[in-house]
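I opened my notebook with the sequence beside the model. I wanted to know what the coordinates show, one entry at a time.

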Amino acid sequence: MKNGVNEFSGPRRVASRRRRVSAGALAAVAGVCLGAGAVVPAAAVPAAGPAPVAKAAVPQGLESFYGQKVEWYDCAATGGMEKSADRTGFQCAKVTVPLDYSHPDGQTIEIAMKKHLATGSTRQGTLFANPGGPGYSGVDMVENNETQFSPTVNQAYDIIGFDPRGVGSSTAITCDDGAGQQPAGAAQGGMGVDDPLPGSLIADAVGDDPTPFRDAQDPAAEGGAEGNISFPTLIDEITKDFKQEEANCAAHTKPAGLLDHVDTVSVARDLDVLRALSGDQKLNYLGFSYGTYLGAIYAELFPANTGRMVLDGAVDPTLSLGGRATGQAKGFETSLRTYVEQCQSGQAVQEGQGCPLTGDADAGVQQIRALITSADQTPLKTADPNVTVDGRTIRSVVRRFLYSSEYWPLLTYALDQAITQKDGSYVQVLYGRATAGSSTPTFYAVNCQDIPVQGDVTSWEKEYRQNLQSSPTFGASLSNQDARCQAWGHSGTREPAPIHAKGAAPILVVGTTGDPATPYAWAQALAEQLESGQLLTWEGDGHTAYGRSGPCIHDAVDAYLTSGTVPEPGLTCKSGQ
């Protein structure tokens with residue numbers, strides 16, 4: 001929907017801590033959870049260790065792909081798939097899969113994997129991870145294994161991050177923006193603990209547009225009403241720009257048919273090939289945001305092959321494109337109000353700084369909207385005399401920072417500078433960091449294939465107006481997803497439907513009550529749909545929980561992944577000091 005169609009975001013770092021900003025640095029504040037409760041063994045969970053399990057079946061006609069030899073090589077700790085003469089603890093490989101699983105004898109593509117070897121003396125198997133998107137790089141994500149995954153998980157598992165088809169070091173969707181743009185989608189899933197911004201600020205696809213096509217951004221994001229254009233004119237603008245971008249990507253992507261085969265079902269089938277080639281009979285998996293949709297699809301297709309699976313920041317698979325947008329528009333608006341309340345109460349501020357938003361929460365929200373409108377009319381100056389900041393940029397920064405409540409003091413600093421000094425310098429700094437590496441084409445290529453277009457201009461306008469009412473700040477920029485996908489042109493036919501994954505081992509679904517990008521109701525829905533789903537709740541703000549919340553969530557997830565112990569049913573973890 002991690003963050004556009006609808007925006008999900010990447011994973012959070014396991015070094016759990018809330019932070020306040022002082023002199024440009026973030027001071028750690030330990031988080032605690034209440035009501036951890038007892039744990040009960042999951043007898044149905046297959047062992048991830050050496051105990052023998054039934055050999056997973058190989059789909060007919062795919063024997064050559066499941067039986068291929070994987071040439072692992074030592075690769076650098078950073079820098080993607082680059083070879084290394086030293087033993088770094090990382091190994092890389094590329095494997096071959098069919099472009100089209102309905103024609104396995106046809107064209108093939110490559111999938112890139114990067115593995116961090118288990119640090120413990122007893123290896124339990126392989127853990128596959130997906131950082132979200134669609135469009136984010138698992139290869140980049142695993143490079144940050146020490147901050148993305150707990151020491152317990154690093155000790156127990158070889159952790160494999162892979163770039164899904166269409167992304168990064170795999171056979172990628174490639175577009176040219178006129179400046180030699182590289183293959184789309186190799187965005188980093190997270191940053192180190194000392195970085196000023198977390199990877200979670202890089203919006204991932206399930207939520208809003210990562211970086212909407214520039215030509216379409218102004219009318220699309222500002223909603224047309226502000227631009228005094230009619231709704232049909234707005235749709236015409238969106239259609240023109242999305243068709244233009246599709247033609248650009250189609251001209252540079254090889255093979256050209258890739259744009260029709262980056263759907264999540266195909267990615268899940270790739271993942272089963274990777275699972276088999278890793279030597280594991282069961283897939284152990286940790287997925288964030290869009291990665292929860294991928295995990296659920298995998299469990300539906302391969303329930304007998306599903307091992308210990310954790311889905312954090314869940315997507316409800318029954319939602320249409322419009323349904324996703326509506327849920328997220330409300331989620332981001334609610335989160336904005338929560339931020340304003342915390343700013344005004346002195347929580348979301350740096351030491352020694354006040355909140356620039358005066359009055360009550362309603363007044364504070366309106367002041368942010370007024371800043372956006374004003375900056376659209378008269379862009380703010382920055383430290384660079386050649387760069388100004390408009391309302392679209394401010395809105396984008398605000399929305400991305402709603403992903404990570406621990407970094408709300410940075411947002412307060414930027415808004416204070418903009419409101420009190422009419423200076424957009426820090427807004428521009430945050431915008432550059434928050435949007436680095438994101439890929440709109442990959443985002444739409446996947447989502448438009450996953451969910452077919454519904455409705456027409458009449459129904460789209462009705463939905464659009466409703467979103468403007470429920471989310472005056474973000475509703476316009478999150479709307480019109482069906483129109484965008486119709487213009488993109490590479491559509492799927494798989495209707496949204498519940499996922500049950502009958503026969504799969506227990507699947508742990510993690511939901512955050514204040515998640516703006518994948519609302520908590522989505523996690524509730526997915527846990528209810530899954531035959532073996534169990535919901536784990538974090539009462540917190542921001543997108544996803546593992547790596548952001550505290551020991552209650554982290555211990556519960558780690559216990560399931562490493563020992564097969566599921567949390568007590570109904571476990572709710574609270575955040576605090």
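My entries follow, from the whole chain down to single residues.

**Entry 1: the whole chain**

I noted first that this model is predicted. I then looked up the secondary structure and found 19 helices and 18 strands in the chain. The chain has 577 residues, and buried residues make up 61% of them. Its accessible surface comes to about 20300 Å². Carbon and sulfur atoms account for 50% of that surface.

At what angle do the axes of helix 6 and helix 15 cross? I read roughly 105°, and the axes come within 11 Å. Angles of 65 to 115 degrees count as roughly perpendicular, so helix 6 and helix 15 are roughly perpendicular to each other. I listed the residues that make the contact. Helix 6 supplies Phe231, Leu234 and Ile235. Helix 15 supplies Val457, Trp460, Glu461, Tyr464 and Arg465.

**Entry 2: aromatic rings**

I searched the whole structure for aromatic pairs and got 10. I picked the rings of Phe231 and Tyr464, whose centres are 5.1 Å apart. Why is this pair called tilted? The planes of the two rings stand at 45°. Under 30 degrees would count as stacked and over 60 as edge-to-face, so the pair is tilted.

I then placed both residues. Phe231 lies in helix 6 (residues 231–252), and Tyr464 lies in helix 15 (residues 457–470). The pair therefore ties together parts that are 233 residues apart in sequence. Are these two residues buried or exposed? Phe231 is buried, with a relative accessible area of 2%. Tyr464 is buried too, at 1%.

I also wrote down one aromatic cluster, formed by Phe242, Phe443 and Tyr444.

**Entry 3: charges over rings**

Next I looked for charged ends over rings. The charged end of Lys115 sits over the ring of Trp72, 4.0 Å from the ring centre. The charged end of Arg324 sits over the ring of Tyr293, 5.4 Å from the ring centre.

**Entry 4: covered helices**

I checked helix 11 (residues 391–401) and found that 11 of its 11 residues are buried. Arginines are on that buried list, including Arg392 and Arg395.

How many of the eight residues of helix 17 (residues 481–488) are buried? I found seven, so helix 17 is largely enclosed by the rest of the structure. Among the buried ones are Asp482, Arg484 and Trp488.

I looked at both sides of helix 17. Asn480 is in the loop between helix 16 (475–478) and helix 17. Its phi is near 65°, a positive value in a residue other than glycine. Asn480 has 3% relative accessibility and counts as buried. After helix 17 comes Gly489, whose phi is also positive, near 95°.

**Entry 5: backbone details elsewhere**

I found another positive phi at Thr544, near 70°. Thr544 lies in the loop between strand 16 (533–541) and helix 19 (551–563). The cut-off for buried is under 20% relative accessible area, so Thr544, at 0%, counts as buried.

Last, I looked up cis peptide bonds. The bond from Gly133 to Pro134 is cis, with omega near 5°. Pro134 is in the loop between strand 8 (125–130) and helix 2 (138–143). The bond from Lys254 to Pro255 is cis, with omega near -5°. I placed Pro255 in the loop between helix 6 and helix 7 (264–277).

Methods: Residues are numbered from 1 along each chain as its sequence is written. This is a predicted model: local features need pLDDT of at least 70, side-chain atom pairs count only at pLDDT 80 or more; totals for chains, interfaces and linings use all residues. Side-chain values use heavy atoms; hydrogens and water are left out. Buried means under 20% relative accessible area, exposed over 50%, partly exposed in between (1.4 Å probe, protein chains only). Helices (H or I, at least four residues) and strands (E, at least two) are DSSP runs, numbered from the N terminus. Rings of Phe, Tyr and Trp (its six-membered ring) pair if their centres lie within 6.5 Å; planes under 30 degrees apart count as stacked, over 60 as edge-to-face and the rest as tilted. A charge sits over a ring if NZ of Lys or CZ of Arg is within 6 Å of the ring centre and within 35 degrees of the ring normal. Accessible areas come from the Shrake-Rupley method with a 1.4 Å probe; for residues, only the protein chains shown count as cover. Axes are lines fitted to C-alpha atoms, for helices over the stretch in contact, and angles run from 0 to 180 degrees between N-to-C directions. Angles under 35 degrees count as roughly parallel, over 145 as roughly antiparallel, 65 to 115 as roughly perpendicular and the rest as oblique. Contact means heavy atoms within 4.5 Å.
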